[in-house]
Amino acid sequence: EGLTAFHFARELSKDDPKKWFQLGGESLSCFKTWAMHSTWNWSNKLLLLEAEYYFSIGEMEKAEEKYYLALKSARKHRFVHEEGLTNELFSVFHASNGNTNEAIYHISQARVCYERW
């Protein structure tokens, strides 16, 4: 729900971004609580959600840092499918910023992850 909400906040910003940011913020709160109880299971998910939040509000440096940390955490905890998802969304991030080579790299890494999964 949180990833979708932040996506819609970016893409449908003319309609009602507040509604989408509120939904995303609620998800962030839940993930922070869950991550406190199980870092192993929730840290990469929280980091990815934070990356999408920062991307949605235009804080690109913070977003990029969170994407990298989410990738590192997903790899460390062997969540191959979530590493794939992070690469996929990181690719969208780079494409929207005109970083074509990085976008291609991350989408290809996503495919590798999904094939391993």
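Does Glu83 count as buried or exposed, and at what relative accessibility? At 7% relative accessibility, Glu83 counts as buried, where buried means under 20% relative accessible area, exposed over 50% and partly exposed in between, using a 1.4 Å probe and protein chains only. Bear in mind that this is a predicted model, so local features need pLDDT of at least 70 and side-chain atom pairs count only at pLDDT 80 or more, while totals for chains, interfaces and linings use all residues. Residues are numbered from 1 along each chain as its sequence is written, and side-chain values use heavy atoms, with hydrogens and water left out.

**Glu83**
- Glu83 is found in α5; helices here are DSSP runs (H or I, at least four residues), numbered from the N terminus.
- Setting aside neighbours within four places in sequence, Glu83 is in contact with Leu71, Ala74, Arg75, Cys113 and Arg116, contact being heavy atoms within 4.5 Å.

**Helix α2**
- The 21 residues of α2 should span 30 Å at 1.5 Å a residue, and the end C-alpha atoms are 31 Å apart, which agrees; the expected span is 1.5 Å times one less than the number of residues.
- Trp20, Gly24, Ser27, Leu28, Phe31 and Ala35 are the buried residues of α2.
- They cover an arc of only 110° around the axis, which puts them on the same side of α2; the arc is that of the directions from the helix axis to the C-beta atoms.
- Turned away from that buried side, the other face of α2 carries the exposed residues Lys18, Gln22, Met36 and His37.
- Among the things covering the buried residues of α2 are α1 and α3.

**Helix α3**
- α3 takes in residues 39-56, and its 18 residues reach 25 Å from first C-alpha to last, close to the expected 26 Å.
- Since 13 of its 18 residues are buried, α3 is largely enclosed by the rest of the structure.
- Just after α3, Gly58 takes a positive phi of about 85°.

**Largest pocket**
- The largest pocket has a volume of about 160 Å³. A pocket is an open set of points on a 1 Å grid over the protein atoms alone, where a 1.4 Å probe fits, with protein on both sides within 12 Å along at least five of seven lines; lining residues have an atom within 4 Å of a point.
- α1, α2, α3 and α5 each supply at least two lining residues, and the largest share, four residues, comes from α3.
- The lining includes Ser27, Phe31, Asn44 and Lys45.

Conventions:
Grid points are joined across faces, edges and corners, and a volume is the space filled by probe spheres set on the points.
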